[in-house]
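We'll go from charged pairs to strands, then on to the core and the rings.

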Amino acid sequence: MAKNPFDDEDGTFYALINHEEQYSLWPTFKPVPGGWAIVYGEPDGRPRREVLDWIDQTWTDLRPKSLRDFIASHEVARAATGE
């Protein structure tokens, strides 16, 4: 059975982000998929544990950005009407 490259403790990785401000661990040898950008680990990648720790410290609200924005807009509307 082939080893999952995302589980490679000796591999080098990036942290990626998408338009919803969701993060992903990504091995450096794989092309970055469309819609994602490298936000940590450039230029050559970082150890897996370091990238996972960075994601854990950075991604504190797991809700997609569109949901956070939707909730925030409804809170503003409610505050404006005094609810």
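**A guided walk through the fold**

Glutamate 21 and arginine 68 form a salt bridge, with their closest N and O atoms 2.4 Å apart. (A salt bridge here is a side-chain nitrogen of Lys or Arg within 4 Å of a carboxyl oxygen of Asp or Glu.) This is a predicted model, where local features need pLDDT of at least 70 and side-chain atom pairs count only at pLDDT 80 or more, while totals for chains, interfaces and linings use all residues. Residues are numbered from 1 along each chain as its sequence is written, and side-chain values use heavy atoms, with hydrogens and water left out.

Helices (H or I, at least four residues) and strands (E, at least two) are DSSP runs, numbered from the N terminus. Glutamate 21 is partly exposed, at 32% relative accessible area, whereas arginine 68 counts as buried at 18%. The cut-offs: buried is under 20% relative accessible area, exposed is over 50%, and partly exposed is in between (1.4 Å probe, protein chains only). Leaving aside neighbours within four places in sequence, arginine 68 is in contact with Glu20, Glu21, Asp61 and Arg63; contact means heavy atoms within 4.5 Å.

As a rule, side chains of opposite charge can pair when their charged atoms come close. Glutamate 9 and arginine 48 do this at 3.0 Å, N to O. Glutamate 9 lies in the segment before strand E1 (12-18) and arginine 48 in helix H1 (residues 48-58), so this pair ties together parts that are 39 residues apart in sequence. Arginine 48 is buried, at 13% relative accessibility. Arginine 46 and glutamate 50 meet in another salt bridge, at 2.9 Å, N to O. Here arginine 46 is partly exposed at 36% relative accessibility, and glutamate 50 is partly exposed at 27%. Salt bridges with shared partners also join Asp7, Glu9 and Arg48 into one network.

Now look at strand E1. Of its 7 residues, 6 are buried, so E1 is largely enclosed by the rest of the structure. Which strands does E1 run antiparallel to? E2 is one of them, joined to E1 by 5 bridges. Two strands count as paired if DSSP finds at least two bridges between them. Across this pairing, tyrosine 14 stands opposite tryptophan 26 in E2. The hairpin of E1 and E2 has 4 residues between the strands, and there glutamate 21 takes a positive phi near 60°. E1 also pairs with strand E3 (residues 36-40) in the antiparallel sense, over 4 bridges, and the partner of isoleucine 17 in E3 is alanine 37. Then there is strand E4 (residues 46-47), antiparallel to E1 and joined to it by 2 bridges. In E4, arginine 46 is the bridge partner of phenylalanine 13.

Not counting residues up to four places away in sequence, isoleucine 55 touches Ala15, Tyr23, Ser24 and Leu25.

Tyrosine 23 is buried, with a relative accessible area of 17%. The count of aromatic pairs comes to 4. Rings of Phe, Tyr and Trp (its six-membered ring) pair if their centres lie within 6.5 Å; planes under 30 degrees apart count as stacked, over 60 as edge-to-face and the rest as tilted. The rings of tyrosine 23 and tryptophan 54 have centres 5.7 Å apart and planes at 70°, so this pair is edge-to-face. Tyrosine 23 is in strand E2 and tryptophan 54 in helix H1, 31 residues apart. With tryptophan 59, tyrosine 23 forms a tilted pair, 5.7 Å centre to centre with 55° between the planes. Tryptophan 59 lies in the loop between H1 and H2, so this pair ties together parts that are 36 residues apart in sequence. Ring pairs link Tyr23, Tyr40, Trp54 and Trp59 into a cluster.

Finally, a note from the record: UniProt lists residues 4-57 as "domain: MbtH-like", in an unreviewed entry. UniProt positions are given in the numbering used here, feature names are shortened, and annotations may be inferred rather than shown by experiment. In the model, the end C-alpha atoms of residues 4-57 lie 24 Å apart, and the span is 19% helix and 35% strand.
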